[in-house]
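Colleague: I would like to go through this model step by step. Please end each reply on the value or name I ask for.

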Amino acid sequence: MKIRVKLFGTLPQRYPDYDPSQGLEVGIPDGAKVKDLLARLEIFASDGGLVVIDNLVVQHDDSLKEGASVRIFQSAFGG
Amino acid sequence: MQFIRVNMSEQTVRVEDVSQDYVGLGGRGLTSIMINNEVPPTCDPLGPENKLIFAPGLLSGTSLVNTSRISIGAKSPLTGTIKESNAGGTVAAALGKLGITAIIVEGLAPQGKLFNLIIDQNGNAALQAADDFKGMRTYALVERLLQDHGEKNGVLCIGPAGEYQLASASIQTSDVDGRPCRAAGRGGLGAVMGAKGIKAIVISRQGKNPDAIADPESFKESAKVFAKAVKDHPFSGKMLGALGTAGLVSAVNSIGAFPSYNATKGVFEGWKKISGEVLAETIQKRGGQTTHMGCSQCIIRCSNVFVDEGGKYVTASLEYETIWSMGGMPGIDDLDVIARLDFLSDDIGLDTINTGVAIGVAMDAGYKEFGDGQAAIELMEEIAKGTEIGKVLGNGPAAVGKHFNHHRVPVVKGQSIAAYDPRGMQGNGVTYATSPMGADHTAGNLVGAYLAGVLNPLEAEGQVKASRKAQIAMASLDCTGLCMLAGAALAAPDVSEALLKMINAKLGTQLGADDIPALGIRVLKTELEFNRNAGFTNKDDRLAKFFYEEPLPPHNKVFTVTDEDLDSTFDFE
């Protein structure tokens, strides 16, 4: 299935041609979980990656759905 | 370990040793305990009985990184409660290196008289007449003071808003470049400084007499552990240096908790134009600085220097809360306008949060159109000029709501909420409602827990407990002089142990791990006692009514934590 991913923080810097308006289209197996997507993008715990779908923070064991629009951020604690 | 007591009624300056009651205290712990001891709770905040206290943290002036927060305390003219507002810049480290534990300003100068307090490299303090500085904005003021006294000084000062004694007046502090772009914004403490008759405090940064450290070797070793942890942490070591706190704009909009158009929406349509990512790109393209050292001994470098299209300086340290208050709340999606409003706030001496929200409330009441950046700039100039509408705006959102008879005023105890809507982040609502300081995100911000997915931001369950824990932790941290952004590293046990070791090494004490939260609880209990004696009750610990009645899109939730649960926030175990 295909997932549309938008990256934030310093994460876009890993993709030299990253277009913030388009994000990335990532193909992953049906039934894949959030952690599978993070692994595919090589975003590790040390990056503080957190994932938001439909205005909600999701857990790494949650399943992804075809066509999901995913935003990935880095951890933040206040400003 | 010395106090400098300044009596403005008599224009005398007295240096005294720190009395036993206050030994081992610093920052917020010192300001709050001293205010509770020495200030009558029912006094007029702008009268002679109030005291304005400037206290660096316990670790300020040491070699430890990111210890440049100065706590400023008084009874607040905005909230009527006890208040501690802390700021970065250079003055905390400067005072620490002079061995000055606090400056305590008492009494009132004769009507219309203005003074500067000058503290030299030997810690000698003197008042100088400052009638020539009357009405000056802070950038011009600090430039002149640094010309007169030398660049190696830090400055605390007020602008016209402080002189007018407006309830949103800030106390600005100079950064390492000598720009007054750092602020103790919350609580209107600039009005207290104005009432006292002090325009500026100039402090030498060349002091060489810090308090002795009881165990220098242990301190040094733990300071290295702490610094490494700050550098290695993904938030303090990576994201803040790249985007600053503005990195939160995308994240908080993405979870629907970014109060916009005077808290009627949780996602601002224009957020992509004002995000941290776009801010960094804009600054980079124009030749400004996306990362910048604003505070002494900072290794995080969350600050920035924003320039216009021609590369000319506009403002420094443009950060998340201001992008929200001057962007989302009045519906302005133009970074150039927001940067200009940030500069004007610093220059006039205003809390960006309270002032942006005041403009948002005025727009919501129909006084100006949402999104009209030029109108917002003109309203800031009205405040600077001290016109009638300017004074209403400069007294904050509650004053604006009253003036326009408008019901939607996002304040607690008269002080505006910050950039996290309590309907989209229920625990931040608990902090706003119950903090002894009025609505204040720095008293116990739970955004990190929500973004990490360990606490559901939309349900009432667990919020009071989380807020209590955060408020205790912050009350402790605010005693040390440490920046809360460096505090993110403290979640690791070896880092919190390093902090404990440094406190013990500095003071020569044998405190245990439980003594750190115990200090936070002591500070909170002291503040609550002052507020109770000032006439506050549990009924004051409530959000504005509309948060309970008007659902916030996109989640369409209202604030659901019960009054009973709110009242249990400070049931310390």
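Modeller: One definition comes first: two strands pair if DSSP finds at least two bridges between them. Note also that this is a predicted model.

Colleague: In what order do the six strands of the open sheet in chain B stand?

Modeller: The sheet is open and its pairing is mixed. From one strand to the next the twist averages 20°. The order in chain B is S2-S1-S6-S3-S4-S5.

Colleague: Which strands of chain B stand at the edges of the sheet?

Modeller: An edge strand here has a single partner strand, so one side of it is left without a neighbour in the sheet. The two strands in that position in chain B are strand S2 (12–17) and strand S5 (82–87).

Colleague: At about what angle to S3(B) does helix H2 of chain B run?

Modeller: Helix H2 (residues 91–98) of chain B lies across S3, strand S4 (70–75) and S6 of chain B. Its angle to S3(B) is about 80°.

Colleague: Are H10(B) and H12(B) roughly parallel or roughly antiparallel to each other?

Modeller: The axes of H10(B) and helix H12 (residues 352–364) of chain B come within 7 Å and cross at roughly 15°. Angles under 35 degrees count as roughly parallel. H10(B) and H12(B) are therefore roughly parallel.

Colleague: Is the crossing of H10(B) and H12(B) left-handed or right-handed, and how many residues of the contact are charged?

Modeller: The crossing of H10(B) and H12(B) is left-handed. H10(B) contributes Glu321(B), Thr322(B), Ser325(B) and Met326(B), and H12(B) contributes Thr352(B), Ile353(B), Gly356(B) and Val357(B). In this contact of H10(B) with H12(B), three residues are nonpolar, four polar, and the number charged is one.

Colleague: Is H16(B) oblique or parallel to H18(B)?

Modeller: Helix H16 (residues 426–434) and helix H18 (residues 463–477) of chain B pack with their axes 8 Å apart, at an angle of about 55°. That angle makes H16(B), relative to H18(B), oblique.

Colleague: How many residues of the contact of H16(B) with H18(B) are polar?

Modeller: H16(B) passes H18(B) in a right-handed crossing. The H16(B) side consists of Gln426(B), Gly427(B), Val430(B) and Thr431(B), while the H18(B) side includes Ala466(B), Ser467(B) and Ala470(B). The contact of H16(B) with H18(B) has no charged residues and four nonpolar ones, and its polar residues number six.

Colleague: What radius of gyration does chain A have?

Modeller: Chain A has one helix and five strands, which run β-β-α-β-β-β from the N terminus on. Its C-alpha trace spans about 35 × 25 × 20 Å along the principal axes. With 79 residues, a compact globule would have a radius of gyration near 12 Å, and chain A agrees with that at 12 Å.

Colleague: Which element gives the most to the side of chain B that touches chain A?

Modeller: The contact takes 29 residues from chain B and 21 residues from chain A. On the chain B side, the elements that give two or more residues are helix H7 (234–243), helix H8 (248–254), helix H10 (320–328) and helix H17 (447–451). That side divides into 16 nonpolar, nine polar and four charged residues. With six residues, the element of chain B that gives the most is H7(B).

Note on methods: Residues numbered from 1 in each chain as written. Chains lettered and ligands numbered in written order. Predicted model: local features only at pLDDT ≥ 70, side-chain atom pairs only at ≥ 80, totals over all residues. Contact = placed C-beta atoms within 7 Å. Helix = DSSP H or I, 4+ residues; strand = E, 2+ residues; numbered from the N terminus. Nonpolar A, V, L, I, M, F, W, Y, C, P; charged D, E, K, R; others polar. Axes fitted to C-alpha atoms, helices over the stretch in contact; angles between N-to-C directions. Parallel < 35°, antiparallel > 145°, perpendicular 65-115°, else oblique. Left-handed = near helix turned anticlockwise from the far one by under 90°. Rg over C-alpha atoms; globule rule 2.2 N^0.38 Å.
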